[in-house]
Amino acid sequence: MSTDPSSDLRLDQAGASDEQLQRVHAILLREKPEPTEGLSPLPLMLLGLMSALILFSAIYLGRYSGGFDPMVYDERILPGMLEGGAAPAVQDPKMLGKRVFANCIACHQPTGLGLPGAYPPLAGSEWAIGPDERIIRILLDGLSGPITVKNTQFNNSMPAFGTQLRDEQLANVLTYVRSEWGNSAPAVTADRVKQIRAAVTGRTGPWSPEELLKIP
Ligand code: HEC
């Protein structure tokens with residue numbers, strides 16, 4: 001190490017002399033792992049695993065993708081319809097609504113019981129079987145704020161479905177909700193949803209339960 005004050009300051013601060021540096025490097029050089037011949041087995045195993053995964057995924061997609069046909073996600077399509085079979089003239093709205101309910105089960109659960117403390121129940125809910133305009137608005141624009149369902153308080157948010165679901169789908173899912181799990185309330189028609197949708201155009205952001213309770 002140079003003791004000359006005019007020498008490179010950075011080296012002085014690092015506090016390392018040439019001998020020290022050389023000693024450290026010597027240790028590092030000495031302690032290198034032994035070079036081995038051939039490929040190490042781990043990358044080979046990984047490669048095999050990845051290949052198997054890709055093969056599996058390809059077969060899975062080929063088998064279950066439905067040919068990437070957008071119609072497979074249409075709840076109105078019945079088995080056989082795409083092969084040219086005639087569609088039934090009238091489909092049961094409740095049956096179609098049950099399929100649309102796939103959008104709701106993550107929170108309200110297939111049982112309609114919701115999750116205590118987080119998601120309110122639809123089974124036996126006074127909201128579900130109450131005035132249809134309230135629940136149509138909930139589906140169109142979402143819901144947020146303190147709400148009492150079956151004498152239990154919830155304060156959470158529900159996303160809007162107005163842009164992703166058609167009037168008919170919203171009507172059917174509400175018809176399902178209003179007649180499943182022992183619920184018994186009149187069906188909701190697509191025309192009714194259309195009417196409410198028109199009445200609330202321009203609305204942005206979720207409704208609050210308080211606002212909705214004012215609707216008779
Ligand atoms: C991401 C979770 C989530 C999804 C998905 C969801 N909801 Fe909700 N829902 C909620 C929450 C949370 C509330 C209560 C909001 C609050 O606290 O103000 C609620 C409230 C409701 C209510 C009024 C209160 C009650 O329990 O009766 C109805 C009716 C309802 N949802 C129906 C539906 C339907 C139908 C769908 C599917 C199209 C759906 N929800 C999808 C979370 C969700």
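**Around the iron: a walk through the ligand site**

Let's start at the ligand. It has 28 residues around it, and Cys104, Cys107, His108, Gly145 and Met158 come nearest. Keep in mind that this is a predicted model.

Now, the metal. Which residues coordinate the iron atom of the ligand? They are His108, through NE2, and Met158, through SD, at 1.9 to 2.1 Å. What is the arrangement of the donor atoms around the iron? It is octahedral, because the 6 donor atoms subtend angles of 87 to 180 degrees. For reference, the ideal angles for six octahedral donors are 90 or 180 degrees.

His108 lies in helix α5, residues 105-108. Met158 lies in strand β2, residues 152-158.

Is His108 buried or exposed? His108 is at 11% relative accessibility, and the cut-off for buried is under 20%, so His108 counts as buried. His108 also has a polar side-chain atom 2.8 Å from a nitrogen atom of the ligand.

Next, the oxygen atoms of the ligand. A polar backbone atom of Pro121 is 2.6 Å from a ligand oxygen. For Gly145, a polar backbone atom is 2.5 Å from a ligand oxygen.

What about the surroundings? The ligand takes up the space of the largest pocket. Which elements each supply at least two residues of the shell around the ligand? They are α5, α6, β1 and β2. Here α6 covers 132-141, and β1 covers 143-149.

Between α6 and β1 there is a loop, and Gly142 has its place there. Gly142 counts as buried, because its relative accessibility is 1%. Gly142 and Met158 are 16 residues apart along the chain, and their C-alpha atoms are separated by 5.3 Å.

Let's zoom out. How many helices and strands does the protein chain have? There are 9 helices and 2 strands. Read along the sequence, the pattern is α-α-α-α-α-α-β-β-α-α-α. The protein chain has 216 residues, and 30% of them count as buried.

To recap: His108 and Met158 coordinate the iron, the donors form an octahedral arrangement, and the ligand sits in the largest pocket.

Definitions and conventions:
Residues are numbered from 1 along each chain as its sequence is written. This is a predicted model: local features need pLDDT of at least 70, side-chain atom pairs count only at pLDDT 80 or more; totals for chains, interfaces and linings use all residues. Side-chain values use heavy atoms; hydrogens and water are left out. Donors are N, O and S atoms within 2.8 Å of the metal (3.2 Å for Na, K and Ca); water is not among the atoms, so sites may look incomplete. Four donors count as tetrahedral if all angles lie between 85 and 135 degrees; four count as square planar and six as octahedral if opposite donors are over 155 degrees apart and all others between 65 and 115; anything else is irregular. Helices (H or I, at least four residues) and strands (E, at least two) are DSSP runs, numbered from the N terminus. Buried means under 20% relative accessible area, exposed over 50%, partly exposed in between (1.4 Å probe, protein chains only). A residue is near a molecule or strand if one of its heavy atoms lies within 4 Å of it. A polar contact is a pair of N or O atoms within 3.5 Å; within protein, one must be able to donate a hydrogen and the other to accept it, and residues adjacent in sequence count only if both atoms are side-chain atoms. On a 1 Å grid over the protein atoms alone, a cavity is a set of points where a 1.4 Å probe fits but cannot get out, and a pocket is an open set with protein on both sides within 12 Å along at least five of seven lines; lining residues have an atom within 4 Å of a point. A molecule sits in a cavity or pocket if more than half of its atoms lie within 2 Å of its grid points.
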